Amino acid sequence: MSDTRRRVKVYTLNEDRQWDDRGTGHVSSTFVERLRGISLLVRAESDGSLLLESKISPNTAYQKQQDTLIVWSEADNYDLALSFQEKAGCDEIWERICQVQGRDPALDITQDPIDESEEERFEEIPETSHLVELPPCEQGRLEEIADLVTSVLSSPIRREKLALALMSEGYIKKLLGLFRVCEEVENREGLHHLYEIVRGVLFLNKAALFEVMFSDDCIMDVVGCLEYDPALVQPKRHREFLTKTAKFKEVIPITDSELRQKIHQTYRVQYIQDIILPTPSVFEENFLSTLTSFIFFNKVEIVSMLQEDEKFLTEVFAQLTDEATDDSKRRELVNFVKEFCAFSQTLQPQNRDAFFKTLANLGILPALEIGMDDLQVRAAATDIFSYLVEFSPSMVREFVMQEPQQTDDDVLLINVVIKQMICDSDPELGGAVQLMGLLRTLIDPENMLASTNKTEKTEFLSFFYKYCMHVLTAPLLANTAHDQNSKDNFQTAQLLALILELLTFCVEHHTYHIKTYIMNKDLLRRVLVLMNSKHTFLALCALRFMRRIIGLKDEYYNRYIIKGNLFEPVINALLDNGTRYNLLNSAIIELFEFIKVEDIKSLIAHIVDNFYKALESIEYVQTFKGLKGRYEQEKDRQSQRLNRYRRDARSLDEDEELWFNDDDDDDDGEAVEKRMGDDFSDSYGKYMEAKKGKLHFITVCIFLDSFPQISV
């Protein structure tokens, strides 16, 4: 029992004022010799390592929030929090802290950190005078109360004294009762004062006050007070929105009343922070840090409670996977899961991983396949898919590779995502950009390398190019049919630019698969049609695609470009651009400069032979003259080699003649002649074989030197 009572999560506040989860463990308070005092120790439940060791200092201000939280600061900008699983454990540790500091455990804060000037100013104040004297809670004294609340915000110790006074006298509920009276009698001036009072109380930044203000019987009156901003001619209708417009839908009845209450509370408090309260000034930005923490820990608790309610989530997924579920109910279920996933993004990495593992175990991916004919279901499913890809690309890849065995290509989950990208109705294609990033994550070999399944890369890329690539390239191929750019409006150009960006990524990271696809579909020719687009950014995307291909220095690609005469649209674009010095001009020049610097002989010969006359007039850069120079150097080198091999062949003939002359001059006698007669046939045969081999080698060298692109 003590284990669960003392079970806690340790949090630290980061620079962005967000709580970072440091781990889960068990807390104890014990004397630490090294620190020379009673300290809080938290040891990890996984391996017993020390997560926290913090001495309970007499001068540290500890706060107890929401019955299960203890928060304090150990240094400037270093805040800590312990979130207890059970209230009893929180109370035990709180009593221990108060015992060490000599404070009353009934209070929710031990003391407030103050600077030296305030400490000196108040050090003579007796302990009994710790409360601010509040005016009577009457309509005629509202202005006085408002002045008091706003006057203490600049002083930490006075804020603390006012908070204690408001709590000790039950003053908040009295003020909210007075609000109802003022609204009934239409006391507009009193309502304006109540706005200032409630806003000031929120800026006191005290969790104990929030517990009262955000309780079920008070929160709508708090919202009501905040409707009467004196700067507005007419009050806002926030309560009407919260009670009538904003409807809480229970797709599956939530039987846990505490969970339902926590969801309502969190939504309303988030509404107060995001919608009702004005954006805080630079001087006020830290006043609502406790409110942010209040919402954060509420969300953590909600997700935890939903995850632990196996019956609820099991029922959700049972209905999702049931093909008999009607369309309207399915829309509600999918939208609930989508909101649930969005909600989880506020969690820390460990909590978020546990959340998605729970969804995966319940069968979230198979559930998304059903009902894809409905546009709303498809859109929500795509959003859920994006959350899952961010969590675990390998898990998604493993699932989608199993789909072709069970369904048609058109309803494959990954193809649904591609179609959502293609059909994005947003003129700026905001959703399409996000989905393109997800597809890029899925097909990125870099995040496949760490997989335990070593065949994941090969299998998934084979799957993608077989079942999905034709869906991705369909708009590009349709728009460039008959070598014309049929649609050149801005939105189409943006979509094609996104597709080209993804294809360029494939050229860089997929070698065999994309090469085969480009050759089979003659894809580069279709892409270069877009060089004629009136949208320069699209022409640049097409050029970038070709530049990545040439950058690979792959002779297979080079021969494809030469055979298809695919430099022609690029050179036409350069000539059409004229003397304008712009990004398109620079990008095309850089392409040819790369070919020159890397000395890609086959492309240099093709460019000079076919296009130099059109390019020789361009003299503001030396790129094309440099290409011509490379071309001439290579021709001279080949000519010199050919002449050298011819000279080598002539010298071989002279050696042969000398050999025979030596035989004619041999006067050693009949015995020698007889021996030569016996051995002549063998020696001559060996000589001719050697001669043929040498001549064959020379011939091969001449052939290879003439065609350096062929490798042996």
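Leaving out neighbours within four places in sequence, Arg 22 is in contact with Val 10, Thr 12 and Leu 51, where contact means heavy atoms within 4.5 Å. Arg 22 belongs to strand 2, which spans residues 19–32; helices (H or I, at least four residues) and strands (E, at least two) are DSSP runs, numbered from the N terminus. Although Arg 22 and Val 10 are 12 residues apart along the chain, their C-alpha atoms are separated by 5.3 Å. With a relative accessibility of 49%, Arg 22 counts as partly exposed, given that buried means under 20% relative accessible area, exposed over 50%, and partly exposed in between (1.4 Å probe, protein chains only).

The structure is a predicted model, in which local features need pLDDT of at least 70 and side-chain atom pairs count only at pLDDT 80 or more, whereas totals for chains, interfaces and linings use all residues. Residues are numbered from 1 along each chain as its sequence is written, and side-chain values use heavy atoms, with hydrogens and water left out.

The protein contains 32 helices and seven strands, and 46% of its 712 residues are buried. Among the contacts in the protein with a separation of 6 or more, 65% are accounted for by residues 24 or more positions apart.

Helix 12, covering residues 289–308, has 20 residues and reaches 29 Å from its first C-alpha to its last, close to the 28 Å expected at 1.5 Å a residue; the expected span is 1.5 Å times one less than the number of residues in the helix. Helix 12 is mostly covered, with 14 of its 20 residues buried.

Helix 13 (residues 310–321) packs with helix 14 (residues 327–344) at an angle of about 130°, and the two axes are 10 Å apart. The axes are lines fitted to C-alpha atoms, for helices over the stretch in contact, and the angles run from 0 to 180 degrees between N-to-C directions. Helix 13 and helix 14 are therefore oblique to each other, since angles under 35 degrees count as roughly parallel, over 145 as roughly antiparallel, 65 to 115 as roughly perpendicular and the rest as oblique. On the side of helix 13, Phe 312, Leu 313, Val 316, Gln 319 and Leu 320 take part, and they meet Lys 329, Arg 330, Leu 333, Val 334, Phe 336, Val 337 and Phe 340 of helix 14. By class, this contact of helix 13 with helix 14 has nine nonpolar, one polar and two charged residues, where Ala, Val, Leu, Ile, Met, Phe, Trp, Tyr, Cys and Pro count as nonpolar, Asp, Glu, Lys and Arg as charged, and the others, Gly among them, as polar.

Ser 394 is placed in helix 18 (residues 393–400) and, at 25% relative accessibility, counts as partly exposed. Apart from its neighbours within four places in sequence, Ser 394 is in contact with Asn 447 and Glu 456. Ser 394 and Met 448 are 54 residues apart in sequence, and their C-alpha atoms are 7.1 Å apart in space.

The loop between helix 22 (469–479) and helix 23 (490–509) holds His 482, and Asp 483 lies in the loop between helix 22 and helix 23 as well. Most residues other than glycine have a negative phi. In His 482, however, phi is near 60°, a positive value in a residue other than glycine, and in Asp 483 phi is near 55°, again a positive value in a residue other than glycine. His 482 is exposed, with a relative accessible area of 75%.

Thr 579 is found in the loop between helix 28 (568–577) and helix 29, and is exposed, with a relative accessible area of 79%. Thr 579 and Ile 618 are 39 residues apart in sequence and 9.2 Å apart in space, C-alpha to C-alpha. Within helix 29 (residues 583–597) lies Glu 590, which is partly exposed at a relative accessible area of 36%. Glu 590 and Arg 547, 43 residues apart in sequence, are 9.1 Å apart in space, C-alpha to C-alpha.
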